[in-house]
Every structure is written in structure tokens, then in C-alpha cells.
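The structure comes first, then the terms and the findings.

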Amino acid sequence: MENTVRTKARSGVTVLAGPTAVGKGTVSTFIRDNYPQVWLSVSATTRPARPGEVEGVHYFFKTAEEFDALVAAGELLEWAVVHGVNRYGTLRSTVEDAVAAGRSVLLEIDLQGARQVKQAMPEADFVFLSPPSWHELVRRLVGRGTESAQEQHRRLETAKLELAAQPEFDYTIINDEVGRAAAELVTLMGLTPSHRD
Ligand code: 5GP
């Protein structure tokens, strides 16, 4: 897919997805820290907060009952069970308000969520974050050492399926280096990456 040719009107919403362990979280953290011109959507999740995570900054942390209520009230633009355990979802009203305010919105979500956004908001831009190679994806997943061997195996099987989804996306960015990938994404969003030395 040619990254420099736009075939759609800009909706103000960009969806970033990609396989497990490709570094979506690292890229979105880099964007949060370096590109205030991007409005990074804060998801709701039933996952417990990790040390250092802040309510309303990294996620809105919800109980299962609170999450059920958001789903029932139609307040989620998309939601999914990720890695078979916790639920994650995008709050519809916060995204709509940011778009209405003219902000450039970025959703960093999993593939199931990206497909739902494509149904609800086909005019959005869909960006696939790809590893430089399969070998590198395995290295990143095993290297971070946060999952058991069995869980690593399960996630690599999932990653194979997720990599096959690349043609569903408008653009592909290779996550070879986080700062470079983030700058490419911000440029794709039509924003000028501020100069960093
Ligand atoms: P983590 O628990 O490591 O923060 O995130 C786990 C996964 O959940 C990542 O793949 C991330 O992209 C995905 N995720 C985070 N927020 C959302 C969301 O609002 N919707 C969906 N579908 N996935 C999300």
C-alpha cells in the first residue's frame, strides 16, 4: 500500500493497530509524551492498573459491572476482550467531542476493535504497525519476559493471524525505531512532527 497517496477525506480519526508485541503501546506512549498536538484516546478497561498507570491518563479503570453498564448504554464506539482476559473499549463521546473540537484523534486499539471502528466509522484512517520481521516480533515478545512460555506461544499464534490482517489497512508503518515510527504516524495524520534533536 502506498503511504504517500491519500484516497479518502481526512476524518480526524486515525486507528493504530497491529500484532501483539509489535510495540503499539510504546509508540502511543512516545506520542503522548512528545506530540501534544495528537489527542490520544483514553480507553476504558477492566484490567487492573499497573504500577505507575494513572486513572484518566493511561486508562479509565472499570469494574466488570461498570464496563457492562457502558456497553449496555451504547457508550463504547468499539470494545473487545483482549488476550482472552480483560475487556477494553473506546468511549464514543470523548472521541466525538475531540473530533468536534477539531482535534486529531488517535485510537491505539487491538485488531478486533479496529474492525469495529471500520464498520462504525469507515472514513477513519487505518494504520497497521508492523514489526521489521517475524524474527524481531518473536524477540520482542520473548524478550519482555512478562508472559509464561505457554502464554508466549499462544500470543505468537495470535500474532500470525493478526499479521495476515495487514491488507485491511490503509497504511503500514514499520516499527523499526519508536521515534521514527511515531514521526511517520504523526506525519500521516497530517501534523508536522516538532523537531527533536
Ligand atoms: P495493555 O493491557 O498492554 O495496556 O493493552 C493490551 C492490548 O489492548 C493492546 O493490544 C491494546 O492495543 C489493546 N487496547 C487498548 N485499549 C483498547 C481499546 O479501547 N479497544 C480495543 N479493542 N483494544 C484496546
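Two strands pair if DSSP finds at least two bridges between them. Strands (E, at least two residues) and helices (H or I, at least four) are DSSP runs numbered from the N terminus. This is a predicted model, in which local features need pLDDT of at least 70, side-chain atom pairs count only at pLDDT 80 or more, and totals for chains, interfaces and linings use all residues. Residues are numbered from 1 along each chain as its sequence is written, and side-chain values use heavy atoms, with hydrogens and water left out.

**Sheet**
- An open sheet with mixed pairing is formed by four strands, in the order β4-β3-β6-β5.
- Its edge strands, β4 and β5 (76-82), each pair on one side only.
- Three bridges join β3 and β4 in the parallel sense.
- In β4, Tyr59 stands opposite Ser43.

**Helices**
- Helix α2 (residues 64-72) lies across β3, β4, β5 and β6 (86-91), where contact means heavy atoms within 4.5 Å.
- Helix α2 runs at about 40° to β6; axes are lines fitted to C-alpha atoms, for helices over the stretch in contact, and angles run from 0 to 180 degrees between N-to-C directions.
- Helix α3 (residues 92-100) packs on the sheet, touching β5 and β6, and its direction makes about 30° with that of β6.

**Glu53**
- Glu53 lies in the loop between β3 (43-45) and β4 (59-61).
- Beyond its neighbours within four places in sequence, Glu53 has contacts including Pro48, His58 and Phe61.

**Leu16**
- Leu16 belongs to strand β1 (residues 13-17).
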